[in-house]
Amino acid sequence: MIPLTLAEVADAVGGRLAGGAAPDSVVTGPVVVDSRQAAPGALFVALPGQRADGHDFAAAAVGQGAVAVLAERELDVPCVVVGSGTGALGALARAVVDRLTAPRPGSAPGLDVVALTGSSGKTSTKDLLAAVLGAAGPTVAPSGSFNNEVGVPLTVLRADEQTRFLVVEMGARGVGHIAHLCQVVPPRVGVVLNVGSAHLSEFGSREGTARAKGELVEALPPARRGGVAVLNADDDLVARMATRTTAAVHWFGESARATIRAQDVDLDAGRPVLTLVTPAGSAPVRLRLYGEHQVPNALAAATVALALGLELPAVAEALSAAEPASRYRMEVTERPDGVTVINDAYNANPESVRAALKALVAIGRGRRTWAVLGEMLELGESSAAEHDAVGRLAVRLDVSRLVAVGAGARAVHTGAAHEGSWGEESLAVPDVAAAEALLAEELRPGDVVLVKASNAVGLHALGERLAAGGHRPDDAGEVVR
């Protein structure tokens with residue numbers, strides 16, 4: 001973070017100093033919303049929550065070295081009092097990004113802001129971008145999925161005068177959310193990966209999702225001021241967003257309009273190998289991420305990097321060197337006993353589950369494969385049909401064993417049965433404990449097991465235990481065959 005006095009902080013957020021706060025005290029960072037992360041020079045943002053109120057931990061944060069607290073009421077410690085902690089956090093981020101993107105003395109380049117959104121693949125693409133841009137200059141990108149009105153400002157506030165590239169991931173739970181985030185951190189480059197079925201309960205349809213995701217390209221500066229929209233040419237709803245922006249449009253994908261594309265795609269033990277084809281020539285890329293669905297993510301990252309002036313050989317080299325950086329996204333562990341565990345249970349929607357199943361089959365070629373699938377949340381009225389379709393796909397892909405975990409995923413088992421699953425190929429279990437007991441009993445060396453569900457289901461913890469060797473709980477429920 002750039003150093004700011006408390007007077008400057010108060011001015012940026014429209015707040016007032018209280019609790020003995022000295023106007024010339026300097027915040028050097030970090031800015032945190034968890035008092036346990038407070039350190040000397042920090043600013044603690046006290047947010048009221050459902051289970052805890054950050055104001056109750058203000059004294060602890062100051063005791064650990066925080067200079068002051070951004071608070072919604074006066075406290076007995078140095079504080080900047082504001083009407084809304086979340087709103088003030090966003091205002092502070094905007095003040096910082098405005099400073100960093102302003103013209104600098106001499107020829108030093110200012111901060112370039114890249115924002116990305118999409119129904120799936122955001123975090124993987126963000127990690128690839130961080131790796132590729134990081135090879136060209138100091139880069140800040142979010143940890144995990146910091147993509148909302150709290151996570152985006154926290155990411156911005158990690159940047160300082162040395163930061164060359166800032167990558168932000170933008171999620172949406174409703175119309176106007178991305179537009180608001182673009183007010184917090186105005187991007188010069190905006191990436192839209194895809195429009196899928198995630199959050200249909202909020203948006204009602206893919207078209208509704210597209211309206212919300214397209215707010216990103218609407219917020220970009222025009223081409224004459226350097227605005228760049230990076231769009232997926234293979235997704236019709238994304239392609240239509242070209243009419244919603246005055247920025248220069250750069251296309252990636254396989255369709256004829258795409259200028260950045262992949263050729264000769266193959267999978268090496270589940271990892272994509274391809275030739276990156278661009279107007280500047282072509283270069284080989286060998287990804288270290290798993291699944292063919294990572295190819296468009298890599299193309300999007302390459303398109304951004306090339307638009308920002310990086311050279312093709314450097315882009316290809318950085319893509320090939322990029323390691324998985326976020327937990328529970330196609331996280332592959334080879335156990336000493338020969339079992340391969342794929343923990344992809346950070347989140348799930350129909351598109352990402354289909355991609356994960358295809359990756360499972362590619363990784364497990366010639367071996368016995370298990371798909372342990374929990375509920376995909378927030379699908380609204382389409383939930384039953386989408387879960388049914390996943391079960392049918394697992395059968396068509398010839399996944400060896402399918403385990404549907406929990407009542408919300410029961411339709412996965414039903415779909416598999418209707419598609420022609422027989423015997424014990426497909427099972428439904430009532431909970432995570434039952435799934436864990438089944439796997440502890442039946443997994444054998446050489447098996448490949450995928451664990452996938454929406455985050456709230458909790459299957460990522462099962463994936464962790466499986467990767468560590470697994471254990472059998474005592475309270476396992478009944479298996480439905």
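**Salt bridges in a predicted model**

Asp-268 and Arg-286 join their side chains in a salt bridge, with N and O 2.9 Å apart. A salt bridge here is a side-chain nitrogen of Lys or Arg within 4 Å of a carboxyl oxygen of Asp or Glu. This is a predicted model, where local features need pLDDT of at least 70 and side-chain atom pairs count only at pLDDT 80 or more, while totals for chains, interfaces and linings use all residues. Residues are numbered from 1 along each chain as its sequence is written, and side-chain values use heavy atoms, leaving out hydrogens and water.

**Exercise 1.** State which parts the pair Asp-268 and Arg-286 ties together.

Solution. Step 1: Asp-268 lies in strand β14 (residues 261-268). Strands (E, at least two residues) and helices (H or I, at least four) are DSSP runs, numbered from the N terminus.

**Exercise 2.** Classify the accessibility of Asp-268 and Arg-286.

Solution. Step 1: buried means under 20% relative accessible area, exposed over 50%, and partly exposed in between (1.4 Å probe, protein chains only). Step 2: Asp-268, at 41%, is partly exposed. Step 3: Arg-286, at 46%, is partly exposed.

**Exercise 3.** Describe the salt bridge between Glu-442 and Arg-401.

Solution. Step 1: the N to O distance is 2.9 Å. Step 2: Glu-442 belongs to helix α16 (residues 432-442) and Arg-401 to strand β20 (residues 401-405), so the pair links parts 41 residues apart in sequence. Step 3: Glu-442 and Arg-401 are both buried.
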